[in-house]
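Welcome, and please open the structure in your viewer. We will go from stop to stop, selecting a few residues each time and looking at what is there.

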Amino acid sequence: MLQSSLPPPHLHCTNLYPIPSLPPLSTPSFSSSSLSSGLRRCRRLSFRVHEDIHFSINPKPKGLKVSCAVSEPLKVMISGAPASGKGTQCEMIVQKFGLVHISTGDLLRAEVSSGSEIGNKAKEYMSTGCLVPDEIVIMMVTARISQEDAKKKGWLLDGFPRTFAQAQSLEKLKIRPDVYIVLDVPDQILIDRCIGRRLDPVTGKIYHLNFFPPENEEIKARLVTRSDDTEEKVKSRLEIYKQNAEAILSTYSTIMNKVDGNHSKDEVFKAIDSLLSKVHEEKENRTKLEKSIRASERISNLASSSQDNWRGIPTRLNNIPHSREIRTYFYDDVLQAAQRAVNDGRTRLKVEINIPELNPEMDVYRIGTLMELVRVLALSFADDGKHVKVCVQGSMGEGALAGMPLQLAGTRKILEFMDWGDYGAKGTFINIGSIGSKEVEEQDDLFILVAPQNAVGNCIIDDLKAMTDAASDRPVILVNARLKDLPGSSGIMQTMGREKRLEYAASFESCYFFRLLYYAGTQYPIMGAIRMSYPYRYELYKRVDESFGKEKYIIVSTFSEQPTIDEINDTFLGKPRSEVKKATGFW
C-alpha cells in the first residue's frame with residue numbers, strides 16, 4: 001500500500017480528460033547556464049543542514065548581473081520672479097544636495113571668456129546688444145548637462161527655460177527635470193525688495209536697506225542703485241516674467257511645485273529641502289523597481305528556452321542534494337500558482353510542497369531550500385510593486401517551557417542575512433517580521449508566513465488568526481504550515497477549542513500542493529506523486545521505470561479535491577469502489 005500523510009476527506013475520482021497541465025517527459029538534461037524566472041537575483045545562497053545550520057554566500061555572480069547606482073541624482077529646475085530669493089535658494093540647494101548649479105548667464109560669460117566656438121558666436125550677438133538666440137543657449141545648456149559631474153551629481157537649472165520655445169526644445173532633447181520649483185512671492189513684496197536693493201561697486205555685493213543692511217556707514221555711503229531696480233522697470237520685468245511663466249506652465253504642470261517665498265530664507269529652504277528629499281526618495285525607489293523588473297523579464301526570457309525542454313514532474317527526485325534545476329523548477333511552479341491565486345483575489349492561501357529537501361521528517365531536509373523558495377515568492381511579488389512582509393514565528397511558551405519548533409530555529413537570522421538582490425528590496429519593498437497582529441502595518445500589501453506550526457503544548461493559531469484578522473482582505477500565504485495539535489502532557493490542546501482551531505486551519509485554500517508517494521514504511525523507491533497548481537485539479541502521477549536507468553511520470557487520474565489514501569491506492573491498483581465509479585472512473 002502507498003504511504004502518505006494526507007487528510008481523510010471523502011472525495012471522488014473522475015475520468016481523465018485534457019487539462020491545462022504539462023505533459024510528462026523522460027529525464028531532462030540541462031546546461032550549467034540554465035536559468036529560471038523564479039531565480040531573480042544574481043548571487044547564489046547555498047545552505048547545508050546537519051546537526052546545526054551553516055550558510056555561505058557566493059560573492060561571485062554566475063548569472064545575470066543587476067547593477068544599480070548607489071544614489072539616483074536629482075534633476076531640478078527652479079523659477080522665480082526678480083527678487084524672489086531664487087539665487088539664495090540655489091546656493092542652499094547646492095550646498096545640501098551637491099547638485100551642479102547651471103545658470104545661463106554664468107554659462108554665457110564662461111563660454112565667451114574661454115573663446116570657444118559657442119562663446120564666439122554668443123559674443124557676436126552680445127557685442128551688438130542683441131539677445132543670444134535660443135539655439136545657442138540650448139546648445140550650451142545641453143553641453144553642460146552632458147558633462148560627467150552633472151550626470152553623476154545631478155543638476156539644478158536656474159531660471160531656465162524662460163520661454164515656451166525653450167521649454168519645448170529641452171523636451172525634444174529629452175532633458176526633463178524630476179521637479180519644477182516655482183518660488184511664489186506677492187508682487188508688492190517683490191517690488192519692495194527690488195527698489196530697496198543697493199549695489200556695492202567695490203565688492204559687487206548686493207545689500208537691502210531694510211532686509212540686509214550694510215555692515216557700516218562707510219559701505220553704506222558708497223552704495224548705488226542698480227539701473228534696473230527702479231519701480232517702473234521692476235513692474236515691467238515682473239509682467240514679462242509672468243507671461244513667460246504662464247507659457248511654460250503647460251510643459252511642466254505635472255511636476256510643478258509652488259513654494260511660498262514670502263518667508264525667511266531658512267523657512268523657504270526648509271520647504272524646498274522637504275520637497276526635494278521626498279522626490280529623491282521616490283525616484284530612487286521607482287528606479288530600483290524598474291531595473292528589477294527589467295532584469296526579471298530578461299531572466300524570464302532566458303529561462304523560457306530551457307523550460308521548453310522540461311515539462312511534467314522532474315525525475316530523479318531521490319537524488320540528494322537536488323540539482324539547481326530541480327529546485328528552480330519547483331520554485332517557478334509554486335510562484336506561478338501563487339501569482340494566479342493572488343491575481344484572482346484569493347486572500348487566504350497555503351503552499352504545501354513535500355519534496356525530500358522540504359520534508360522535515362527526512363534526514364535530507366534543507367532549511368536553505370525553504371528560504372530560497374520564500375525569497376523567490378517575496379521578490380517576485382515585490383517586482384509587481386507590492387510591499388511584502390515575510391514572517392517567522394518567534395519563541396512560544398513562557399519560562400522553562402519557552403522555545404520554538406526545531407524546524408524554524410535560526411530562520412529569522414538566515415532571512416536577515418540572505419542576499420535579497422542588488423537593488424535593495426529588503427527594507428523597502430520587503431520586510432522581515434514575526435507572526436501576530438502587531439506585525440500588520442498599513443503599507444503592507446501581502447504576507448508570506450514561513451512554516452507556521454504548533455509546538456508541544458503551545459498553539460500558534462491564536463496569533464495567526466489575530467494577524468489574518470488585522471490583514472483583512474490582504475493576501476496571506478502560508479508556506480508549509482503544520483497546524484495540527486501537538487498536545488502537552490496535560491492534554492489541554494487536545495480538548496479545549498480544538499474544533500475551532502481545526503476549522504480555522506482549514507479556512508486556507510491550497511494554491512499549490514506537491515507530495516511524493518512511497519510504499520508504507522519506506523522512503524524508497526518513489527511510486528508516484530500528487531500535484532495541484534491553482535486553479536487546476538489535483539493530478540495523480542505514477543512513476544514508471546524505463547530502459548537505461550531512465551524514468552518518467554505518467555498522469556493516471558485527476559481529482560476535484562485532494563484524494564484520500566484509499567482513493568490513491570484504488571487508482572494505482574485499478575480497483576473500483578462502486579459500480580457507478582466502475583462505469584465512469586479511470587483506474
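Begin by selecting strands β13 and β15 (residues 446-450): four bridges join the two, and they run parallel. Within this pairing, look for Val 390, which stands opposite Ile 448 in β15. Keep in mind as you look around that this is a predicted model.

Next stop: an open sheet of five strands. Select them in the order β6-β7-β5-β8-β11, and you will find parallel pairing. At the edges are β6 (100-103) and β11 (256-260), each of which pairs on one side only. From one strand to the next, the twist averages 25°. For a closer look, pick β8 (residues 179-184), which five bridges join to β11. Val 182 stands opposite Lys 258 in β11.

Move on to helix α3 (residues 117-127). Which of its residues are buried? They are Ile 118, Gly 119 and Ala 122. Look down the axis of α3: these buried residues fall within an arc of 90°, so they line one face of the helix. Turn to the other side, and Glu 117, Glu 124 and Ser 127 are exposed. Following α3 comes Gly 129, with a positive phi near 80°.

For the last stop, select Tyr 329, Phe 330 and Phe 514, which form one aromatic cluster. Phe 330 and Phe 514 make an edge-to-face pair, 4.9 Å centre to centre with 65° between the planes. This pair links distant parts of the chain: Phe 330 lies in helix α11 (residues 324-343) and Phe 514 in strand β17 (residues 509-519), 184 residues apart. Both Phe 330 and Phe 514 are buried. Tyr 329 is buried too, with a relative accessible area of 5%.

Note on methods:
Residues numbered from 1 in each chain as written. Predicted model: local features only at pLDDT ≥ 70, side-chain atom pairs only at ≥ 80, totals over all residues. Heavy atoms only, no water. Buried < 20%, exposed > 50% of the residue type's maximum accessible area, 1.4 Å probe, protein only. Arc of directions from axis to C-beta. Pairing = 2+ DSSP bridges. Axes fitted to C-alpha atoms, helices over the stretch in contact; angles between N-to-C directions. Phe/Tyr/Trp six-rings, centres within 6.5 Å; stacked < 30°, edge-to-face > 60°.
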